[in-house]
Amino acid sequence: MLVLTLLNTVLIAVVSALQVDANIRANQANRDSQYAAVQFTGSLIQAGARSDYDLNTYSVLITNTQEALVAEYSALQQQNINDQQGFEALTLESQIYQARADRVKSLSFLMNAPAYAPASDQVSPNMTTYLSDLNSYSLELVQKQNDASDAYHHWNNKSDSYVAVLTVLAVAFFLLGVAQMTQPSLRSLFSLFATGVISIGILWTLILLVF
Amino acid sequence: MEEPKKKDFRLEVLIAILIALVSLTTALATWRTASLGSKAGDLIFKGLLDAVKRQAAANEDWRRAYQEAGYARDYLMTIDGLIVQENSTDPASQEHAAQLRTYLLTGMESLATPLGTDPSYLAPQGWLDVQKRFDELEAQSPDLSSLDPLASFSLADTYFSEQRWLVLGTILIAVSLFWLGLSQLSHLRSRILILVLGITVFGIGLVWSLGVEFVFFILRAGVV
């Protein structure tokens, strides 16, 4: 019985250490998950502000280019009907819009970054790649957050299970104590019960260690 | 007959004193182990709060940097349009440009400063260097941008590591208490053996715990 008691104390010591370790790992994973979530919100806000600016700049470029073209066509029409004053006013308007469009084009990230810039004026920037790159860091953070969250649940469940194992082993302690105090004829029976409970504890611990 | 009884009594007193001493050490070790977990938890909480504060400040700085970039784009675009008007041969258009430069551009310029007025904000590729402006805005609030959540997390990890190692010492001390209790209750010949076992386990647990405390005290450069 002394051996059984010794075995149970050692087992309790080991399971307690495992429980503390699982609890620490759960805390760390929970922290990592929350930190990644904070970073993710920041990444989304930055991506939102950036895409808003880049797309708005591109939109201003398109608007001014179209205004310049429309003014130019209108000027030609006025010239065809011999309205020289109208032709000159609309030509100037077209030049103003074109100057604005040229400046916005030079400022546009989408029109100048080699990864997204169109090969010619006839095609649009590579929006698919741009949006994919824009969101890649956010997606990476979401993945990180999900992984950490899964790890938290994994270790938290383990920690809870170790507490259950410790409870089982405490029951074994109680049975061994009763066996110690009871009359010799019943001692073996209580020791047998305690052995059964300790075996359950060992088996459960091994299952937790493997999975 | 008297002599063995007296010896037994002395041994029981000795065991009782040992049990009191080990109980006190167990309580102290348990408190220390729990306090380490608590310190680590506090540091994690502080780190997460710092992360939220720093991220909120960064979010605002990004929003402001891109808003200023929008003002700068509109300002630079308007200037180029005005230059065409100013260079035209139409007096009305020139006058219109002069009025715009006086009454409109001044306000736009104040909004577009510094991204639209300082050429150093233009990247070599032509676009506005918003990252540079963001870095400047971050530098303007060092109390928030210098918050380092990872430093708190790293310190928390050292407390967790210490807790991990210290719990082994605490368990050994607690186990020794069990053996000492058993030796007090036992009237068998193995009583001395159980007592020696208890004292040995206690000694190992105590030395282990003190060693862990010392090592982590050094690792944290004197921080308890």
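Arg191(B) is partly exposed, because 18 other C-beta atoms lie within 10 Å; a residue is called buried with 20 or more other C-beta atoms within 10 Å of its own, exposed with 12 or fewer, and partly exposed in between, the C-beta atoms being placed from the backbone. This is a predicted model, in which local features need pLDDT of at least 70 and side-chain atom pairs count only at pLDDT 80 or more, while totals for chains, interfaces and linings use all residues. Residues are numbered from 1 along each chain as its sequence is written, and chains are lettered from A and ligands numbered from 1 in the order in which they are written.

Arg191(B) belongs to helix α7 (residues 191-219) of chain B. Helices here are DSSP runs of H or I with at least four residues, strands are runs of E with at least two, and both are numbered from the N terminus. Setting aside residues up to four places away in sequence, Arg191(B) touches Ser183(B) and Ser186(B), where contact requires C-beta atoms, placed from the backbone, within 7 Å. Leu180(B) is 11 residues from Arg191(B) along the chain, and their C-alpha atoms are separated by 9.4 Å.

A nonpolar core is a set of buried Ala, Val, Leu, Ile, Met, Phe, Trp, Tyr and Cys residues joined through C-beta atoms within 7 Å. The largest such core has 34 residues, of which Tyr66(B), Ala69(B), Ala72(B) and Leu128(B) touch the most other members. Two or more residues of this core come from each of α1 (2-80), α2 and α3 (109-112) of chain A and from α1 and α4 of chain B. The most come from α1(B), which gives nine residues. Beyond its neighbours within four places in sequence, Ala69(B) is in contact with Tyr53(A), Leu115(B), Leu128(B) and Val130(B). A second, separate core of 30 residues includes Leu180(B), together with Ala29(B), Leu172(B) and Val175(B).

An α-helix has 3.6 residues a turn, so residues three or four places apart point the same way.

The contact between the chains takes 38 residues from chain B and 38 residues from chain A. On the side of chain B that touches chain A, α1 (2-86) and α6 (149-185) each supply at least two residues. The largest contribution is that of α1(B), with 21 residues. By class, this side of chain B has 22 nonpolar, 11 polar and five charged residues; Ala, Val, Leu, Ile, Met, Phe, Trp, Tyr, Cys and Pro count as nonpolar, Asp, Glu, Lys and Arg as charged, and the others, Gly among them, as polar.

Chain A has five helices and zero strands. Its C-alpha trace spans about 125 × 25 × 20 Å along the principal axes. Of the 211 residues of chain A, 33% count as buried. Chain A averages a pLDDT of 94, and 100% of the residues score at least 70; pLDDT is the predictor's confidence in each residue, from 0 to 100.

Note on methods. Contact = placed C-beta atoms within 7 Å.
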